[in-house]
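Visitor: Please take one part of this chain and go through it closely. I would like to see how that part sits among its surroundings.

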Amino acid sequence: MISLTDSQKIGMGLTGFGVFFLFFGMILFFDKALLAIGNILFVVGLAFVIGLERTFRFFFQKHKMKATSFFLGGVFVVLIGWPIIGVVLEFYGFFLLFRGFFPVVIGFIRRIPVLGSLLNLPFISGFVDKVGESNNMV
């Protein structure tokens, strides 16, 4: 079992609440306040989980500057009051930032009994195979 420090446990909680607020904000027709809270909690939670220095190094690598600018720019656009445009920018930046993790996540999900069988359905498997064969390493 993986042992977590207290700050990592706090970070997992903050990140979870951030994802919840982002999801809930989108369900409620892109509510600005919920999306702003979710963005702040997600970024702060990520910093707590992996540490400030590693978070800074992850976001500000030379080859990830485009993705970071889209993601953080989307967060800023949500904070100033344009939630739909900001969320679109965030999703694009999030995809560019974390696309190296997608093959690992898909491989893990395929080992889960019910979810693995869902990923092998005819229309879903083609899309999942395309996403899962990314050659970009983190």
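Guide: Within helix α2, the buried residues are L34, L35, A36, G38, N39, L41, F42, G45, L46 and A47. Buried here means under 20% relative accessible area, with exposed over 50% and partly exposed in between, using a 1.4 Å probe and protein chains only. The model is predicted, so local features need pLDDT of at least 70, side-chain atom pairs count only at pLDDT 80 or more, and totals for chains, interfaces and linings use all residues. Residues are numbered from 1 along each chain as its sequence is written, and side-chain values use heavy atoms, with hydrogens and water left out.

The cover over the buried residues of α2 includes α1 (6-27), α3 (52-59), α4 (65-80) and α5 (83-98); contact means heavy atoms within 4.5 Å. Helices (H or I, at least four residues) and strands (E, at least two) are DSSP runs, numbered from the N terminus. The chain has eight helices and zero strands.

Helix α2 covers residues 32-50, and its 19 residues should span 27 Å at 1.5 Å a residue, which agrees with end C-alpha atoms 27 Å apart. The expected span is 1.5 Å times one less than the number of residues. Just after α2, G51 has a positive phi of about 95°.

A pocket is an open set of points on a 1 Å grid over the protein atoms alone, where a 1.4 Å probe fits, with protein on both sides within 12 Å along at least five of seven lines; lining residues have an atom within 4 Å of a point. The largest pocket has a volume of about 450 Å³, a volume being the space filled by probe spheres set on the grid points, which are joined across faces, edges and corners. Its lining has 14 residues, with L46, V49, I50, F98 and F101 nearest the centre. Two or more lining residues come from each of α1, α2 and α3, and α2 gives the largest share, four residues.

The second largest pocket holds about 260 Å³.
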